[in-house]
Amino acid sequence: MSQPVVSVRGVELSFSGVKALQGVDFDVFDNELFAVIGPNGAGKTSIFNVLSGVYRPQQGSVEFAGSDIRGMRPHRIANLGMARTFQNIELFENLDVVDNLMLGRHAHLGYGWPAAVAWLGKAKRAEVANRRRVEEIIDFLEIEGYRQLPVGMLPYGIQKRIELGRALAMEPKLLLLDEPVAGMNGEETEDMARFILDIRNELHIPMILVEHDMGLVMDLADRVMAMDFGKPVATGTPHEVQSHPDVIRAYLGPVDDATLAEVQGELA
Amino acid sequence: MTTLPQRIRTRAQETPDRIAMREKNYGLWDEITWADYWERSSLVGHALLALGVEVGDRVAVHSENRCEWLFSDIGITAVRAGTVGLYPTNPAPEVLHVLRDSGSCVLIAEDQEQVDQYLEIADELPDLRTVVYIDPRGIHDRYTDERLMSWDAFLALGEQHRTEHPDAVTERLEAARPDDLATLVYTSGTTGPPKGAMLSMDNVEFVIETLQSGGAFVDPPASDRDLVVSYLPLCHVAERVFTTWFNAAVGSQVNFAESIETVQQALREVQPTLLFGVPRIWEKIAAGVHIRMSGASWFKRKNFEFWMKRAEWIGRTLVENQGNHTASTKAVYAIGWLCLYRPLRERLGLAKVRYAASGAAPIAPEVLEFFMGIGIPMHEVYGMTENSAIATANMAGRVKVGTVGEPQVGAEVRIDDETGEILTRHRGTFVGYWNNPEATARTIDADGWLHTGDVGEWVDGSHIKITDRIKDIIITAGGKNISPSEIENSLKSSPYIKEAIVIGDRRKYLTALIGIELDTVGNWAQERKLGFTTYRDLSQKPEVIALVQSIVDETNRKFASVETIKRFAMLPKELDHEEGELTATQKIKRSAINERFAEAIEGLYSDSSQEVKA
């Protein structure tokens with residue numbers, strides 16, 4: 001495999017004595033869909049917050065796109081090409097869909113406020129190019145019908161899609177998806193799964209996915225890292241991780257060998 | 001003779017730079033000239049020749065409406081093959097039936113969804129050699145089935161073939177004969193699997209000539225200044241008339257929305273001049289206006305209510321005057337136009353509609369009146385696949401509401417004395433059902449009359465009123481003949497009722513299954529602070545049942561005592577094409593309904609202690 005897009009080594013994160021992350025190591029490669037699973041409080045979202053610069057880990061290294069980003073401010077990491085979606089939707093409710101997506105183009109504006117005020121040459125050209133890119137995302141995510149509607153009015157599943165669209169508008173080198181199908185019904189989940197696959201296959205953007213929906217993770221992910229109490233317990237293909245004894249214990253609590261074999265049999 | 005593809009070629013030669021159609025992509029309307037139209041259609045023709053398509057072969061198209069549908073249709077017929085259209089909503093078993101029954105050798109599919117459907121059934125389709133997909137997303141680089149080919153590769157194949165055999169398509173085009181198969185239209189019979197109705201090149205030509213001469217629908221006749229939005233399934237004969245055949249006949253411009261979800265927006269942007277809709281569409285637009293208004297500000301609401309009252313009066317007066325204005329309706333309309341009708345029509349995308357038509361199913365008079373009242377000239381028209389959609393139409397200034405109009409110029413229409421069945425005869429009478437001579441013999445008699453299966457009667461000796469499908473007529477236990485659709489349409493004219501199925505064949509009295517309109521009833525419930533979760537939950541609320549009871553009571557007052565609904569039951573779910581309760585064109589399959597809801601129906605006739613509601 002080629003150079004990893006993201007390389008995390010020995011990351012430790014604690015909040016006044018509570019160890020949120022311990023000894024986290026993983027790499028994500030080009031064109032890979034990497035999933036992080038684990039019970040509640042296992043540290044999945046903490047990993048995202050370390051990657052995107054919300055938290056600064058006390059120890060370890062985080063490398064992204066060839067730079068050491070540990071402790072870097074979130075907006076600088078975003079400018080390097082890391083985009084994310086949130087567990088709870090974080091959109092501008094009173095702006096319409098196009099404006100929300102245009103915000104995702106912020107890093108690609110390429111002009112300052114004087115040019116914007118004068119609205120000449122460069123600013124206009126850049127705006128047109130950005131609008132075109134936004135239209136491609138609207139087409140990609142099949143949200144043509146909602147263009148001019150304020151985001152706050154739209155159904156939950158569509159809002160999730162628009163949040164994904166805003167992240168895509170950044171043309172990221174890495175996409176972090178925090179529970180993209182949480183709270184969705186079957187049909188919405190299916191749609192989202194198809195979009196995630198299309199992002200990998202058509203746009204070739206590597207992704208890190210945190211998700212509770214085990215079926216989705218097992219179907220989509222190339223590799224999975226299972227976490228428990230802030231520590232990775234297993235990393236590998238979905239199947240390997242699913243039948244790993246420590247992973248089963250993480251979900252079911254301490255079990256004897258017979259039960260373990262039974263569960264593994266069920267999963268096989 | 002001239003043929004449809006020849007007409008496209010002629011337009012490309014005479015007006016190469018005029019706009020034949022537009023398609024919205026990435027938020028912008030892309031224009032396609034007549035030269036482009038013919039260029040891409042002839043490439044499709046060449047590609048099909050390269051794939052070995054012979055005269056009389058069938059090529060299937062499974063896609064939403066988009067310009068590639070038209071390129072394919074023209075390319076297919078240019079090489080004297082027949083186009084087989086599939087509904088985008090067809091579930092896999094029906095796709096299999098149509099592809100296998102027609103023996104299609106090439107399938108042009110829109111995207112991954114359709115390709116997946118095809119892959120599911122590929123093993124059962126030995127005749128199908130190539131599947132062309134228009135939208136490569138999710139397919140290319142991932143699917144390995146060797147029968148798959150992208151649209152770009154398909155056109156490149158055509159280009160290569162054209163270099164090697166520059167005159168191949170032209171030769172086929174010139175050799176066309178009137179009895180060549182133009183298209184197989186699978187009619188979504190309400191009983192049994194769909195049958196493929198064969199329309200010949202000459203049938204299509206008859207329609208085109210009728211449209212051109214102005215003997216048909218539109219007055220003054222349609223021209224190249226007219227705009228059309230193409231949105232109903234193109235495999236249906238009615239949309240083929242309004243999209244492809246009008247366009248070929250008079251050069252009207254076709255506009256394609258981005259997707260089926262954005263049709264309303266496309267209407268607003270295009271403001272078409274000709275618009276065809278099925279009753280369901282018109283009902284939905286009318287209901288949508290009322291829903292949106294109920295959430296408007298006080299002043300807007302009062303203005304709306306005031307002018308809708310006037311519109312009702314205008315609509316009624318127009319109906320009494322065969323669609324003609326009187327001096328007073330004209331004056332009232334003029335003021336109303338400033339206050340409500342103009343902005344309302346603009347919002348609906350109907351500001352410039354000079355001719356609107358409703359067909360394919362009966363429409364409630366109230367809905368017609370609504371549109372006529374706000375100034376949209378609505379006409380009910382009648383036709384079916386088997387007569388190439390040409391039978392009767394209400395003409396401007398001679399509208400009789402409740403009828404489907406007068407026989408079209410060039411069409412013979414009569415009513416059978418014994419059975420009351422409507423019969424038609426003209427050059428557009430279809431050739432027959434594909435591989436089904438028995439069904440053909442039942443439909444076209446020895447004198448060439450087409451038996452429509454609709455029962456009707458003359459009104460004032462000039463217009464035809466359809467009472468029902470011959471098979472649907474209910475004969476009660478008392479021996480009375482009752483037409484259920486009249487009662488059903490009266491019920492469905494309420495914005496709260498989406499489906500109504502009247503039952504009573506060989507029974508003591510009539511009952512009905514009622515399905516509510518989720519949007520409007522949901523809105524009604526919210527205004528009354530009634531919480532609900534699902535469709536089922538909402539439809540079982542006592543308040544909702546009472547609402548439906550009041551609508552049933554109102555309808556009952558319009559009918560004779562034997563024709564009144566004594567009891568009704570609420571449908572627990574929305575009827576669905578995929579579950580076999582509706583046809584692809586959203587018509588009710590009575591047999592399936594009777595089976596599925598047998599228990600509920602028996603309940604309506606059981607002699608429980610519960611009092612029979614009068």
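In this predicted model, four strands of chain B come together as an open sheet, arranged in the order 17-18-20-21 with antiparallel pairing. Strands of a sheet pair through backbone hydrogen bonds, and the pairing may be either parallel or antiparallel. The edges of the sheet are taken by strand 17 (412–415) and strand 21 (463–469) of chain B; each has a single partner strand, so one side of each is left without a neighbour in the sheet.

Strand 18 (residues 421–425) and strand 20 (residues 450–459) of chain B run antiparallel and are joined by three bridges. Across from Thr424(B) stands Leu450(B), a residue of strand 20 of chain B.

Two packed helices are described by the angle between their axes and the distance between the axes. For helix 1 (residues 4–14) and helix 3 (residues 67–78) of chain B, the angle is about 115° and the axes are 8 Å apart. Helix 1 of chain B is therefore roughly perpendicular to helix 3 of chain B, and the crossing of these two helices is left-handed. On the side of helix 1 of chain B, the contact is made by Leu4(B), Pro5(B) and Ile8(B), while helix 3 of chain B contributes Ile74(B), Thr77(B) and Ala78(B). Sorted by class, the residues in this contact between helix 1 and helix 3 of chain B are five nonpolar and one polar, with no charged residues.

Key. Residues numbered from 1 in each chain as written. Chains lettered and ligands numbered in written order. Predicted model: local features only at pLDDT ≥ 70, side-chain atom pairs only at ≥ 80, totals over all residues. Axes fitted to C-alpha atoms, helices over the stretch in contact; angles between N-to-C directions. Parallel < 35°, antiparallel > 145°, perpendicular 65-115°, else oblique. Left-handed = near helix turned anticlockwise from the far one by under 90°. Contact = placed C-beta atoms within 7 Å. Nonpolar A, V, L, I, M, F, W, Y, C, P; charged D, E, K, R; others polar. Pairing = 2+ DSSP bridges.
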